[in-house]
Amino acid sequence: MDKGIFFLAVSQFGIAFSFNCIMSFMPFYIIKISPYDHQQTMIWIGIIVGATSLISAVTAPLWGSLTSRFSAKMLFLRGIVCNGIIFLCMGFTSSLHVMLLLRIIQGGLGGVSTIGLIIIASSSEKERIPEHISLFQNAMTVGQLIGPPLGAYAVTLFGYHAPFIFAFFVALVSSIFCYMYVKDTPASKDEKEAPLSLNGGMIWGWWLSIVAMVNLTFLPSILPNILRDFHLTDAVAINYAGTIMMAYTATSVLGNHIFGKIAVKIGFIRLIKWACLITALLQVVMSFAPDVLSFTFVRMMQTAFIAAVFPLVLSSFAGEASGGMLGFLNSARFIGNALGPLMATSVMAYSNFFVLSIVIAALSVLSLGAFLRART
């Protein structure tokens with residue numbers, strides 16, 4: 001494999017790790033410093049956790065378009081460095097308003113993964129694009145796997161400031177790898193962006209990808225509530241949260257790897273269909289889990305199926321899409337990352353986990369149906 005592609009994935013791992021290092025304890029920290037009541041605090045958690053991804057969804061296509069005028073490598077590098085600085089700043093504020101502002105600014109810089117995808121698409125042979133995108137996706141997923149438990153353990157050992165500082169240094173090291181090893185792709189000043197269209201089910205594929213990301217990202221923001229129902233609180237709950245996130249992220253890596261290997265033989269559409277249907281079923285089953293171990297087990301099975309949906313949809317368009325179109329498709333990742341916690345905390349503020357599970361399962365089935373109709 002090309003060394004530049006490998007270290008591009010390594011750099012993306014660093015960013016994913018830095019983000020997720022703080023996500024396992026962020027809801028706990030917001031609860032700790034919040035001056036508001038339970039319902040208002042739950043809304044604040046959803047807004048703060050989801051703000052970065054929501055803004056990134058808007059800016060992702062812009063970052064894709066910028067590669068037609070500026071160096072893709074330098075855009076990627078500067079995005080990593082700026083994110084690292086914001087991680088450091090977040091570790092030294094106890095104001096929910098300041099934290100929200102920093103998360104919004106971070107969202108504006110959140111298009112670096114779009115740049116990474118564009119570098120892959122422009123520097124890989126067409127038949128190897130799915131393999132390289134899978135590597136890129138798995139690098140992010142491994143960062144999501146390792147980050148939560150280390151962040152949780154750092155909080156219990158050294159306090160809330162430590163993970164933010166650690167995240168900053170990981171981002172710094174990632175930027176060094178990017179500078180040394182990632183190959184640049186020349187800007188194409190005369191590139192003509194193809195207009196977005198419904199051809200090939202792109203719009204419904206984009207929407208299905210959003211729902212897939214909601215399935216993957218809704219849980220961390222409500223884990224304090226879930227674990228409290230299982231009679232786990234304080235430091236014990238924080239450690240459990242990190243372990244649960246590590247466990248289901250591990251199965252998502254495995255599922256993504258397996259599905260990527262068999263996709264050509266079985267077919268993208270068939271894999272996506274069964275992955276979404278099984279995910280919806282397991283979401284409902286998870287709401288009936290009697291203890292934390294069975295809850296974790298069902299969640300691990302669920303993420304093993306749903307994790308491959310986004311890269312499978314993306315890979316089907318990567319070889320033919322322009323930078324702006326790749327940015328549009330990649331924006332599904334950010335919108336899903338934002339909608340996941342926002343939806344979860346909003347429903348849980350006024351209802352319960354069973355109702356939330358029904359809502360997510362219904363969205364999965366309905367979006368799958370629309371996608372299948374557009375593709376057949």
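Predicted model: local features only at pLDDT ≥ 70, side-chain atom pairs only at ≥ 80, totals over all residues.

Me: Where is Phe177 found, and why is it called partly exposed?

Reply: Phe177 is found in helix H8; helices here are DSSP runs (H or I, at least four residues), numbered from the N terminus. Its relative accessible area is 29%. Buried means under 20%, exposed over 50% and partly exposed in between (1.4 Å probe, protein chains only), so 29% makes Phe177 partly exposed.

Me: How do you know how H4 and H8 run relative to each other?

Reply: H4 and H8 (residues 161-181) pack at an angle of about 165°, with axes 7 Å apart. Axes are lines fitted to C-alpha atoms, for helices over the stretch in contact, and angles run from 0 to 180 degrees between N-to-C directions. Over 145 degrees counts as roughly antiparallel, so H4 and H8 are roughly antiparallel to each other.

Me: What residues make the contact of H4 with H8?

Reply: On H4 they include Phe76, Ile80 and Leu88, and on H8 they include Phe164, Phe168 and Tyr179. The residues of this contact divide into 15 nonpolar, 3 polar and 1 charged. Here Ala, Val, Leu, Ile, Met, Phe, Trp, Tyr, Cys and Pro count as nonpolar, Asp, Glu, Lys and Arg as charged, and the others, Gly among them, as polar.

Me: Why is H4 called roughly antiparallel to H5?

Reply: H4 (residues 72-90) and H5 (residues 96-108) pack at an angle of about 170°, their axes 10 Å apart. That angle makes H4 roughly antiparallel to H5. Asn83, Ile86, Phe87, Cys89 and Met90 in H4 meet Leu102, Arg103, Ile105 and Gln106 in H5, and these divide into 6 nonpolar, 2 polar and 1 charged.

Me: How do you know whether Asn215 is buried or exposed?

Reply: Asn215, found in helix H9 (residues 202-217), has a relative accessible area of 1%, so Asn215 is buried. Not counting residues up to four places away in sequence, Asn215 touches Gln283, Arg299 and Ile360, among others.

Me: And what about His231, is it buried or exposed?

Reply: His231 has a relative accessible area of 73%, so it is exposed. His231 lies in the loop between H10 (223-229) and H11 (234-266).

Me: What is the phi of His231?

Reply: His231 has a positive phi of about 65° although it is not a glycine. Most residues other than glycine have a negative phi.

Me: Why is Glu131 called partly exposed?

Reply: Glu131, whose place is in helix H7 (residues 129-158), has a relative accessible area of 39%, so it is partly exposed.

Note on methods. Residues numbered from 1 in each chain as written. Heavy atoms only, no water. Helix = DSSP H or I, 4+ residues; strand = E, 2+ residues; numbered from the N terminus. Parallel < 35°, antiparallel > 145°, perpendicular 65-115°, else oblique. Contact = heavy atoms within 4.5 Å.
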